[in-house]
Every structure is written in structure tokens, then in C-alpha cells.
Amino acid sequence: MPPGDSSVRYPHGSISRAQIIVRAQAWLSERVPYSQTSWKTDQFGTYRQDCSGYVSMAWALDQNIDFWTGNLNTVSHTIDASALLPGDILLSSSHTVLFAGWADSAHTMFDYYEESHPGTDARFVVDAPLQDFLSNGFSPFRYDGVLDGGTLPLNPANGLNFAALQNGQNELAPNGNDTTQPAPAPWQSGYLPADSASLSASTQSKATRTQAVGATQDIQPPLGFVVGASGTVFLVGGVVIARGYPQLASSRKRPRRRH
């Protein structure tokens with residue numbers, strides 16, 4: 001059953017679509033490895049290195065709350081798939097991806113950013129069929145604090161082809177991921193809305209069975225909130241960040257897209 005809107009709402013900040021994409025691209029350039037038990041600390045704060053942690057970082061969500069696929073709908077709301085814009089997400093009960101833009105004029109294929117599963121890094125995926133996601137439990141969501149306006153950064157010139165990734169694997173429900181709520185960091189408060197039973201078969205926080213990909217060393221609790229609307233996020237020299245990034249044999253170079 002696809003996730004829907006939650007009657008429980010949680011406080012949030014605000015951030016522009018351009019800043020969301022800039023933050024998402026930062027983890028690409030740093031090749032942050034997927035992990036449900038490690039947290040990445042950088043200029044944007046401290047966030048878990050899985051799919052929901054990636055979205056939480058991109059949206060500049062409060063680092064002191066354990067956001068995951070089971071409660072991202074407390075700071076976002078469903079939208080029609082035709083209304084998707086860069087910075088929105090597609091969310092299922094077990095995975096989420098950050099919408100980067102349409103891949104065709106008919107709006108049937110799209111590109112996205114994600115942290116997928118153990119053994120992979122943050123990545124940019126191209127030419128994903130929208131209907132495959134909608135037919136496999138994903139719903140489009142928009143962050144409650146997103147701000148329109150401004151110039152979107154260009155997406156990377158290179159991306160991993162969805163069909164090639166899907167060959168032999170299930171990119172819609174990545175293998176090797178624990179689909180229950182990951183164990184929160186010591187400084188985080190577990191948070192699960194009362195009406196989110198459809199998002200998870202379990203409402204209990206548990207230690208993940210996934211082995212950490214990257215080591216976590218003496219992570220300190222974040223200090224206060226990350227306010228994405230501040231003037232501290234800069235677009236640096238375009239975003240030719242995929243150059244030199246490992247590609248599948250079927251990956252292809254295409255003209256950069258804005259949306």
C-alpha cells in the first residue's frame with residue numbers, strides 16, 4: 001500500500017529547490033557510501049547514510065529527529081505525479097528517491113538522486129519509468145518547507161541508467177536493506193506518528209541487520225537546527241561532479257537537464 005498523508009505534522013524549516021539539489025549533489029561528489037548504521041558529518045550537518053537520511057540531509061531536516069521512510073510524511077504531503085518538481089520525492093514504505101527532473105517531454109521518465117543499498121554510493125540515476133514506481137508502492141511527496149523560485153543547478157552530465165541497474169536486481173525495493181525503522185543515533189529522539197501503520201509493519205525501533213559500509217568515528221550530536229534557507233549554501237562552478245565517477249557500461253552521457 002503506497003504511503004499517504006499523515007495527520008501528525010512536525011515542525012520544519014524552509015529551503016529552496018536549488019539548495020536541495022546542491023545538497024544532494026554534495027554527497028555525490030563525496031561518494032558517500034550507503035549505510036543504515038553510519039552517519040555523515042559535513043557542512044550540512046550529521047545525517048544517516050541511507051535513503052531517508054539522504055533526503056533528510058537534502059531537505060535540511062532537524063538532525064535531532066530520527067527521520068526515516070516511516071515518518072517523512074510528517075513534514076511533507078502527497079502531490080499528483082504530474083506536478084513533480086526537482087526537490088520532491090517518491091516515497092514507499094521501504095525506500096525513497098529525490099526527484100531531479102523529467103527525462104522526456106511526455107513526463108513518463110524521470111531522473112533522480114538516491115542512496116540505494118549496501119555496496120553503493122550516493123548516485124544520480126537517469127531514465128526511470130515513473131509508472132514502475134507508482135505501480136510498486138511509491139507516492140509523490142513535496143516537502144512542506146520547500147520554496148520555489150531561483151535558478152536550479154544543472155544535473156550531472158552523466159548518470160546511471162535505471163534499466164541497467166534494474167537488470168538482475170530490484171531497484172524499487174533494494175536488496176540488503178532493513179525495512180524496519182533503523183536504530184536512531186544516541187542524540188536523536190525516535191518519532192513515529194500514530195497513523196503511520198501503513199508505512200511499516202513494525203513500530204518498534206530496532207538495530208539494523210545491515211552491516212555498516214563506512215566506519216563511524218566519535219560522531220558528536222549536532223548543535224541546533226540546520227536552516228536550509230540561510231545564505232551559506234553556494235553553487236560552485238556548475239555541477240560537473242559526475243566526471244570520473246564510476247559508470248555502468250550502459251551509462252550514457254547526455255545533455256544536461258534543468259528540469
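The model is predicted, so local features need pLDDT of at least 70 and side-chain atom pairs count only at pLDDT 80 or more, while totals for chains, interfaces and linings use all residues. Residues are numbered from 1 along each chain as its sequence is written, and side-chain values use heavy atoms, with hydrogens and water left out.

Now to the empty spaces. Rolling a probe the size of a water molecule over the atoms shows where empty space is left. On a 1 Å grid over the protein atoms alone, a cavity is a set of points where a 1.4 Å probe fits but cannot get out, and lining residues have an atom within 4 Å of a point. A volume is the space filled by probe spheres set on the points, which are joined across faces, edges and corners. This structure holds 4 cavities of 30 Å³ or more.

The largest cavity has a volume of about 90 Å³. Its lining has 15 residues, and Gln36, Cys51, Thr69, Ser94 and Asp178 lie nearest the centre. Sorted by class, that lining has 4 nonpolar, 8 polar and 3 charged residues.

The second largest cavity has a volume of about 80 Å³. Among the residues that line it are Thr46, Tyr47, Arg48 and Gln188. Strand β3 (45–48) and helix α2 (51–58) each supply at least two residues of this lining; helices (H or I, at least four residues) and strands (E, at least two) are DSSP runs, numbered from the N terminus. The largest share, 3 residues, comes from β3.

Next, look at the aromatic rings. Rings of Phe, Tyr and Trp (its six-membered ring) pair if their centres lie within 6.5 Å; planes under 30 degrees apart count as stacked, over 60 as edge-to-face and the rest as tilted. By this rule there are 11 aromatic pairs. In one of them, Phe110 and Tyr112 are tilted, at 5.5 Å centre to centre and 40° between the planes. Phe110 also forms an edge-to-face pair with Phe133, at 5.1 Å centre to centre and 65° between the planes. Because Phe110 lies in strand β7 (residues 109–114) and Phe133 in helix α3 (residues 130–134), this pair ties together parts that are 23 residues apart in sequence.

Are Phe110 and Phe133 buried or exposed? Both are buried, where buried means under 20% relative accessible area, exposed over 50% and partly exposed in between (1.4 Å probe, protein chains only).

Methods. 1 Å grid on protein atoms, 1.4 Å probe; cavity = no way out; pocket = protein on both sides within 12 Å on 5 of 7 lines; lining within 4 Å. Nonpolar A, V, L, I, M, F, W, Y, C, P; charged D, E, K, R; others polar.
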